Every structure is written in C-alpha cells, then in structure tokens.
Amino acid sequence: MWQQSFGLLGKSYAHNATGSFLLGKWLHIPLYTVPLCSAVVDVAIQDYVADVASELIYQNKSQISTEVLFVFPLGPHMAVYSFQVRSEDAKIQAMLQNEAQQLHEATEDWENLEYLQDQSNYPGEVFACFLGTLSPGREVVVTLRYVQELSRKPDGAAHFVLPRTLHPYTELYACNCLTSKLPYSLLLTASLQSPRGVANVQANFSLTPLIYTAQDRSTAQVSLAGSPSSRHDLELLVYFEEPTAVSAMVEMGDPGAPAGSLLGDPMVLVILAPSIPEAVPGQRQSGEFFFLDTTFLEHAQDSLLFLLKSLPLGCYFNIYCYGSTSAGIYPQSVEYTQDNMTEAMKHIPSTGSSLGDINLLETLRSIYNTTRPCGHTRQLFIFMSGLPPDKEAIAAEVCHHHNSHQCFSFCFSEDSAALATALARETGGEATYISCDSSMMVMVIKCLKQALKPAAEGVSLSWALPHGLEVEVLGGTPQSIFQSQYRLLYAQIHGQAQDTMVDKGAMTLQYSLDGHDVTHTIEFPLCPQGDGRLAGHWLAVKCLLERLLPEAASGSGDETRHRAIEISLTSGIICPFTSYVGVRTSQRIAWYRGSLALLPPRQSLIPCQIIELRGSSNVSSCYPTSIWVPSGWLTAVCASWLALRQLTHGIATLPQRGACSKACEPPPPSVSSLKYVDPMEFVLRSPVFGPWFTEVIAECQKLVALQNIDGSWTLSSGVASVLETDEAEIKGKMPAEVTEPSIWATVLAVTWLHRNGNCYQDLCELLEAKAVTWLCSRAVSQPDKCLEAVNTLLGSSVKPSVFRL
C-alpha cells in the first residue's frame, strides 16, 4: 500500500555483461518502497501554524540497483519551501523557474512522473522528484521542509498530524508483531510558541515532560519518548492559555531579504476566533440568502421549495432562475415574509420552461453591487449543471468578494466540479457533487444548516502602531465569522518606527453579535524573539498568490500574472505559473559509477514537480475524516488556486499538472472505510440512498408546500389530503381545548412527519423547529391532550418531547 504515504519509491533493473545498466520502463515494472532507515523531524508550532523540517535516510537493501522517485502528498493548506537530496557523490536542490522557460534538459524523465500520475491509487496533489539510480547498499538523504496551517479543534487546540511519509509505520514495513517495534528510527521534537502561553500538550503517543523555555510560558519544548506505535498516525494537540477572541504573534522577517519585501518585513499572525453561542433552531435569525439555479433540472426546483420553507423569520432572500438577464425575482433581496415567499413560489414551477442559461457572471455582479442589509450575512446557493464559458471571470469575481459572503455550490457534472470547488473554497463555503436526484434535497438542507450558524457581523480590525509603521492585511479582513470557525490572517508591518523606545503595538477587533457590539484589544511586541523560521511568511505568500490567481487566470490580468511569478520566484513558494525543477549542485565522480547516478554529466536539470494523481476509490490519508470522494475528482483535494488553474485553457495543459481525464464513477456500495484527505472537511460528496427515498420526498413535499413561513399550517383540504383523512373528520376530532384550528393542523403535520421515524429527519428538522417554536408562542392549553388526540387519529405514538412538553 505504498500509495498511501509514498516516500522513496523504487524500480529495479539488472546489469548486462558489459557492466552497464538495462533500464526498464516504469510503465511495465511495478513500484516498491525503498526502506526508510531514519527520520529526524523538527516541528515548530506557532499558534495554528506549523513549520516542519525533516531529514529522511533511505537505503537500498536489495541486491540490484534501483531507480528512485521521492513522492510527498500535499494537503490544501501546506506548502513545500525547501527540498534537497544528498548522496556520497551528488546533491540535488529543488528550485523554482518560470514555466514559460523551455526546460529541455529535464524532459527526458518526465515519463516517470507521468507513470506515477496514472498508476497511483492516491487522488490528490503530491510533490515528486525523480532522483536517478541507487546502487545496492547505498544511502540517500532527503531533506524536506514545509509549512502548514493547522486545524483548530472546538476546544481551541491546534491539531498537528505527522504525515505518513515521515512515519510510514506498518502499512509500508513489516514490524515485530510482538513488540510493535518500528524497523526505522524516528526522532521527533516540537517547539511550541504562543503569546497567550502554552497550557498543555496531548498526543496519542508517549511524550517527554513539557519544558518551558520562557518564564511567561510563551515557549515550550516536547519530544517523542521511546518508540511510537506502529499502528496509527502520530497526532499532537497543543492547548493555549487564556483563549480569547483574538491573538497576534509577530514573526521577524528574513534578515537577508530586502526591506519592504514579503520575506523581509515582519509578519503578524492574527487569529480571529470569536466566542459565538449556538443558535436556537426555529427562532428569528438574520441572514441574506441568494439562490441561483442554472441547471434546468426539476429536482433543483424541488430543492428550492425546501430551502425557502426552511429559512428563518427575520432574514432576507432572493431567487435567480434561468433566462438571458441577470435579474432576480426581486430587484434586490427582500424580507422573508409570507407575501414575498408566496410570490417567489409562483416562479419556481415555471422556470423549467424558460429559455436560455442564466448569465452567472452578470448575476454575481448584480448581487455584489446591491447593498447588504445591515447585520445580515450574505450567503449564495448556486446550482450548476455545466461549465459556463466565462468561468475564469466568474472565479475572479467571487474571489474579489471572498470576504463578504459564503458560497455553497452544487454541481451535477464533472465539467462544473472545478468551478464549484473553487467558488466554495474561496468563500469558506462548501461544494457538493449531486449524483442522484433524491439525495439533492438532503444535501442542500445540510448546507443550509451550516449557513444558518450564528456569526459575528461587521468584523473589523484597527491598529495602533508607532509613527512610521503601517500594517497591510494580506487578503483583507472577513466581514463575518461563523460559529465554530476561526480565521488566520497574515498582516505585514511596513516602514521604520520613528520612536525606537516604543516596543509594542496594539490591535483591536470589533464585531456585532446578536445586535450587541463587542470589542477586544490586545498588545503585541514589535521586536519578537524567535528562531528565525518563517512559517508565517511562507503561508502569507501562499495566501497572497491565491488572491492574485483568479484575476491572472481570467485573461485580463497580465500585470497580475507577472507579479505572481515574481513573488513565487523570489519567495520559493510555487504558483500555477512557476514550476519546480531539480538542479544538481555537486557531483564528485562519474555518473555511472556513483551511488546516486542522477543523470549524465551534460544534464544538470532533473524532473521535480508538483503533480496531481488521478487516484481511484481507495482513498486514504493521514487525516481522520471518513467520507467518500468519487474516483477521478481531483478538485476535491486540491487548493482553490489549483482548481482555478484547471479552468484556464492555456495553463491546464502545462506539464507540471496533468488534467484529470477519468470520468466520474458511481459511488461504491459502502463508503464508511474510505477517508478524505482535507482536514477542513471541504468535499465533493455523494451519499447513497435507496429507491424508496424518492417516494418519501414526494409525500413530504406536498405537506411542506402548505406550511406558512412562521412554521404553522392552516387547517385545509390540502393538509387533509396529505394525511389521507377527510377534512370534516379532522375538524370533528379537534379537542375542545384547542380554540385555533391552525394549532390543531400544525400538531397534526408535525406528528405526521415524526410518524415515519427518521425518513424526514434530515429534510424537515428546520421546518419542525419553526413549527414547534410557533406552537410554544401560542401558549397552547393542555397540549398533551392535543397530542394524544392526534396520535389516536393518525395511529401514531409520537412522544411529547417532540413538542418540548
């Protein structure tokens, strides 16, 4: 199972009578793993940023020479900034070059990387370098350095997982089953830093005692104790003192970089994590919701019904359907009232007969040009069945407004997957692949629940610095932060302080929560003490490149493209317009006699790229998210800038990343054992439902269509028809204590939904919450007797707890 963690892969060949080597084609010879002998890993964690430096020693323990290929899987929030390979006779250094240059010398062995791309079962982005030939008994030393944004647990802990390349354990190597002793040595050390103070460290392996290296407990160290388990990934949880809504830590710049450059000036790592309480389902709630349907599909229209009915009182909404114009049902979003919703419902059944696709780009511009109602977070729900011709401009437009809204995109074809993924990731939303009609409504309601989480509104940052200094927040500040979310911002300090005696700055976070203004102010030192590592700078560069890419890829940003190339080449962080290449920097003896015969002496460049692996259904990684990703859907595991790159005709054909050619395959019968590689849980999903589910939705849909926006139902013949009961009989069974027929009808409807167990739970949870809230507001007398009468009428046994009794 080498494809799950990679590392150093080998392909063997034999000597001929003359002593030269007979090279086989990778296409016909299976890969196997060159054993890892030693791994030394140094991890530096600053709040929610990790800088990992590793040295890996591999040894060819076979009796024949082996061609070797190093492969390292990359997560979407990870960036390699240094790679080097050493043997007794040679050294390779990975360097960035403009992809427009003709790298003829390095093209001879690209087929080895293409083989890996075609044959691997791992779908995703990897860093790969073809190293050449390793003789029997000889060693090769790989030095790899990368940075990574860490996920934040609900309790505030920073979560770090050691990649399997650095700890391949039993899936790659046989171990002593009695002692579980690893066949390689692993030395792991971690330095921890936070201005809030390091409180505690937890791990699923043995650690040395936590040692504080500063009196204020802002820095600490910990190491691996003994031999780790050979049966699972190594995970580290770092807890900080005084969890607050905002924190800032300054990282000094590179002394060797020019002042004023991205790497030369200090960088402030800003953590925004407001404490936001859970919302009570069914109650009034703010929000501005736009529904954009470009599919011509009937089940997309059915989903709009459930979306509209599930919206909370107090929000705003608008709908954009098919047509040659970008106009919505209303000129701008309107308040969620019974009259406005009834008017909107009239347009849904007729949309399928309209002609012409919606102009998505103009629609988006129209939405962004309208004023957002004060205190209402903007949310977009986009349904796509094909790829718009102006896809690059659409992506650029959404990226330009990424801080002002969330986008939830639903795609029905492989063509639209890359765009759907890019739009959702850029805005912090979700992208969903819809594979069957009956599953769509469940998926859109799940996304609506995500969108209805309460948020800190009107987020703003202000800075107080000595005269001569100014701050630039790369990528801007988000306008909203949702409950359970956190935002990591990179703010660079430019200039020279006029008063050198002032050694501190201050940052103030302001936002509105449930109509109340909240303010947090903290101070941070302007002259930080650190080890000189630049994790925040590397990730800030990656963030900035992601912001520049959409405009550059849209075809209207030549200047932006040149800037992105310049930033990439000077910083060492790759972008879609630059490419890695391995440069041989030293070699002592002839290539055909050395332990690592890289290439003939005339050839100084070797293949060293970041490529996509097409993968298969056997998806697995070091991240513990269990969910299925369709075979061939590489956009599900790539960063947004990679997805955007696939949209551009001139860029997608470049050799560094191959385009995915496999069609989307149907999901397997069981998906519980498969894992997805993105720790942020941003996925293209496709659940499996039985054929009965379509009938279930049809039954439920009739009742949902009759619900009022406040959650109540009106006693009518329509409700009686759904309940398969005569209207006169329903009225006759109404208890004398119930003075309002709508109360009786609402209890009937909710009970009918619950009578079918969990069939409607995912679809109607929000609808039921509104109905129960409405009932509670009516102060119903003796509601238990009302429920008893309903259970008798419907032959059900729904418990009073459903109605909060």
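## Helix α9

Helix α9 covers residues 535-553, and at 1.5 Å a residue its 19 residues should span 27 Å; the end C-alpha atoms are 27 Å apart, which agrees. The expected span is 1.5 Å times one less than the number of residues. Helices (H or I, at least four residues) and strands (E, at least two) are DSSP runs, numbered from the N terminus.

This is a predicted model, in which local features need pLDDT of at least 70, side-chain atom pairs count only at pLDDT 80 or more, and totals for chains, interfaces and linings use all residues. Residues are numbered from 1 along each chain as its sequence is written, and side-chain values use heavy atoms, with hydrogens and water left out.

A kink of about 25° lies at Arg547 in α9, shortly before the proline Pro550. The bend at a residue is the angle between axes fitted to the seven residues ending there and the seven starting there. Because 17 of its 19 residues are buried, α9 is largely enclosed by the rest of the structure. Buried means under 20% relative accessible area, exposed over 50%, and partly exposed in between (1.4 Å probe, protein chains only).

## Nonpolar cores

A nonpolar core is a set of buried Ala, Val, Leu, Ile, Met, Phe, Trp, Tyr and Cys residues joined through side-chain atoms within 4.5 Å. The largest such core has 91 residues, of which Phe70, Phe83, Phe127 and Phe160 touch the most other members. Helix α9 gives the most to this core, with 12 residues. A second, separate core has 71 residues, including Leu311, Val722, Val750 and Trp774.

Which residues does Phe127 contact, leaving aside its neighbours within four places in sequence? Among them are Phe70, Phe83, Tyr580 and Ile610. Contact here means heavy atoms within 4.5 Å.

Helix α6 (residues 391-400) has eight of its 10 residues buried, so it is largely enclosed by the rest of the structure. Its buried residues include Lys391, Glu392 and Glu397, as well as Ile394 and Val398.

Helix α7 (residues 417-427) is mostly covered, with 11 of its 11 residues buried. Ala420, Arg425 and Glu426 are among these buried residues. Just after α7, Gly428 takes a positive phi of about 80°.

Ser409 is placed in strand β25 (residues 405-411). Is Ser409 buried or exposed? Ser409 counts as buried because its relative accessibility is 0%. Its side chain reaches the backbone oxygen of Ala420 at 2.6 Å. Not counting residues up to four places away in sequence, Ser409 touches several residues, among them Ile382, Met384, Ala420 and Thr432.

Ser82 lies in strand β8 (residues 78-86). With the same exclusion of residues up to four places away, Ser82 touches Gln93, Thr143, Leu144 and Arg145. Ser82 and Ile573 are 491 residues apart along the chain, and their C-alpha atoms are separated by 9.1 Å.

## Exposed loop residues

Most residues other than glycine have a negative phi. Ser484 is not a glycine, yet has a positive phi of about 80°. Ser484 is placed in the loop between β29 (481-482) and β30 (487-495), and counts as exposed at 53% relative accessibility.

Asp514, also not a glycine, has a positive phi of about 55°. Its place is in the loop between β31 (504-513) and β32 (516-525). Asp514 is exposed, with a relative accessible area of 71%.

## The chain as a whole

The chain has 18 helices and 38 strands. Buried residues make up 58% of its 805 residues. Among contacts between residues at least 6 apart in sequence, 77% join residues at least 24 apart.

Terms used: Polar contact = N/O pair within 3.5 Å; in protein donor to acceptor, adjacent residues only side chain to side chain.
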